[in-house]
Amino acid sequence: MATFTAVLEKFGDKGEKTGWTYINVPAKVASVLKPGNKKTFRVKGLIDSHQISAIAIVPMGNGNFILPVNAGMRKAIKKIHGASVKVALETDTTPIKISEELIECLQDDPDAEKYFIGLPPSHRNWYSNWVREAKTDLTRSKRIAAVVKACSLQLNFGEMIQHYRDEKKLIQ
């Protein structure tokens, strides 16, 4: 397990990452976690005393990565950007289970299902996690419909979110 101290940082205007709170994962730490890797991968461990799992760290160049720290994580550690945190990470190889409801609905549209199955596992996980994180059944149903439509249009996750933003119909 790799341990280090970091500061919670926040992106200003940074495209799709605008407003993200994150932790810098230095290249030397990332190389301990997954030697020679330059692509997104999942980690588990602790931020302060809060346990995390299945969190994707994202490459930022020169071997450095960032670990996004969402609102739930910030609430659990009771810290905001600018605060110092203790981090302990290891690679998380636990398979992520795709939402059963999403799989069932994709089966109703063979083209959408084919596109979804052809995506890298991390991309399928983004869709599934977005559906799973819905707080109400109504929101979950809307998100499933949005994913099926996006897959039928062959939109990746980011393109789907932008598509609904552009239409001012983003499903919260």
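Let's start at Ser128, which sits in helix H5 (residues 121-132); helices here are DSSP runs of H or I with at least four residues, strands are E runs of at least two, and both are numbered from the N terminus. This is a predicted model, in which local features need pLDDT of at least 70, side-chain atom pairs count only at pLDDT 80 or more, and totals for chains, interfaces and linings use all residues. Residues are numbered from 1 along each chain as its sequence is written, and side-chain values use heavy atoms, with hydrogens and water left out.

Ser128 has a relative accessible area of 0% and is therefore buried (under 20%; exposed is over 50%, partly exposed in between, with a 1.4 Å probe and protein chains only).

| Residue | Contacts |
|---|---|
| Ser128 | Lys97, Ile98, Ser99, Leu102 |
| Val25 | Phe4, Ala30, Ile57, Asn64, Phe65, Ile66, Leu67, Leu89 |

Val25 also belongs to the largest nonpolar core, of 23 residues, where Val25, Ile23, Ile47, Leu67 and Leu89 touch the most other members. Such a core is a set of buried Ala, Val, Leu, Ile, Met, Phe, Trp, Tyr and Cys residues joined through side-chain atoms within 4.5 Å. Elements supplying at least two residues each include strand S1 (2-7), helix H1 (27-33) and strand S7 (84-91). Another core lies apart from this one and has 21 residues, among them Leu102, Tyr115, Ala146 and Met160.

Now to a helix pair: Ala146, Val147, Lys149 and Ala150 in H6 meet Met160, His163 and Tyr164 in H7.

Note on methods: Contact means heavy atoms within 4.5 Å. Lists of a residue's contacts leave out its neighbours within four places in sequence.
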